[in-house]
Amino acid sequence: MSDVRVALSTTFGLGFVRYAPGTATSLLAVLIWWLWLSELRGFYQSAIIIAIGAIALYCVGFTMRKYEVGDDGAITIDEILGQWVALIAIPKSWWLVLAAFIGFRVLDILKPDPIGWVESKFDGAMGVVLDDIVAGALVVAVLHLLIYWFGLGI
């Protein structure tokens, strides 16, 4: 892992955790969000996700080509992005964050449509990263609707 692109793709080696590397990486994403991103407005959270997403696409594509792998379990930067999307502009409430974490992990693992469809329609790094973005977007949409309809987290 001497190449920074591989290090980023594997979330600095967290992707090599023996059990549940995606879940471990999602937990790290939640921690980073809780300590840093949650203090920013949704616009800035989104801008950071877009910037890191562009870097992730490049790094994941490089890693996939270099090691001739597909959506390998060690590639976990997509979990960071998807989890952050699931948390965009969510009130800093432990139970809403837990709901975002669980919702994202369930959708990322089960990959129901449209997540599975996105993964099957896009090749390479785009498919690896975009399915997690869609999973996060579905979670954040549901959470924001619940917050709006029921005044949750306020």
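Which residues of the largest nonpolar core touch the most other members? The views below take that up. This is a predicted model, in which local features need pLDDT of at least 70 and side-chain atom pairs count only at pLDDT 80 or more, while totals for chains, interfaces and linings use all residues. Residues are numbered from 1 along each chain as its sequence is written, and side-chain values use heavy atoms, leaving out hydrogens and water.

**View 1. The overall fold has seven helices and zero strands.** Helices here are DSSP runs of H or I with at least four residues, and strands are E runs of at least two, numbered from the N terminus. The C-alpha atoms fill a box of roughly 50 × 30 × 30 Å along the principal axes.

**View 2. Trp 33, Val 60, Trp 84, Ile 90 and Val 139 touch the most other members of the 36-residue largest nonpolar core.** Such a core is a set of buried Ala, Val, Leu, Ile, Met, Phe, Trp, Tyr and Cys residues joined through side-chain atoms within 4.5 Å; buried means under 20% relative accessible area, with a 1.4 Å probe and protein chains only. Helices H2 (21-35), H3 (42-67), H4 (77-86), H5 (94-110), H6 (115-121) and H7 (124-150) each supply at least two core residues. H7 gives the most, with nine.

**View 3. Ile 90 has contacts with Trp 33, Leu 96, Val 140, Leu 143, His 144 and Ile 147.** Contact means heavy atoms within 4.5 Å, and residues up to four places away in sequence are not counted for Ile 90. Across the protein, 72% of the contacts with a separation of 6 or more join residues 24 or more positions apart.

Key. Buried means under 20% relative accessible area, exposed over 50%, partly exposed in between (1.4 Å probe, protein chains only).
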